[in-house]
Amino acid sequence: MGSGVHPSPSPTDLLRLAWGAASGFRSFNPFLSDKACAQLREGVLVWLQLCVLEDRMERVMSLAKAGEEYTPLLIRVRF
C-alpha cells in the first residue's frame with residue numbers, strides 16, 4: 001500500500017470484528033480510542049441485526065406476494 005492509504009474493512013472483517021475484542025478495529029486505524037472501538041463494535045452489531053431483519057422482511061414480502069395459500073406460513077413468521 002502506498003503512503004497515506006489505509007485498509008478498509010470488508011463485510012467479512014466487520015463480522016470477525018463484531019465477535020472479537022473491540023480493540024481489533026485498531027488494525028484499520030491505530031489511533032482509535034477504547035471508546036471509539038467500543039462504539040464501532042456496537043455499530044457493527046446493529047448493522048448485523050439490520051442485515052438479518054432485511055433478509056426476514058424479504059422473505060415475508062415474498063410470501064405475501066406468493067398468494068393466499070402461503071398465508072399460514074406468513075402468519076407463523078416471527079421476528
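The count of disulfides, taken as pairs of cysteine sulfur atoms within 2.5 Å, comes to zero. The model is predicted: local features need pLDDT of at least 70 and side-chain atom pairs count only at pLDDT 80 or more, while totals for chains, interfaces and linings use all residues. Residues are numbered from 1 along each chain as its sequence is written, and side-chain values use heavy atoms, with hydrogens and water left out.

**Cysteines**
- Cys-37 has 1% relative accessibility and counts as buried (under 20% relative accessible area, with exposed over 50% and partly exposed in between, for a 1.4 Å probe and protein chains only).
- Cys-51, at 26%, counts as partly exposed.

- Leaving aside residues up to four places away in sequence, Phe-25 touches Leu-14, Leu-17, Leu-32, Cys-37, Leu-40, Arg-41 and Val-44 (heavy atoms within 4.5 Å).

**Packing of α1 and α2**
- The axes of α1 and α2 lie 9 Å apart, at an angle of about 115° (lines fitted to C-alpha atoms over the stretch in contact, with angles from 0 to 180 degrees between N-to-C directions).
- The contact includes Pro-11, Leu-15 and Trp-19 of α1 and Arg-41, Leu-45 and Trp-47 of α2.

Note on methods:
Helix = DSSP H or I, 4+ residues; strand = E, 2+ residues; numbered from the N terminus.
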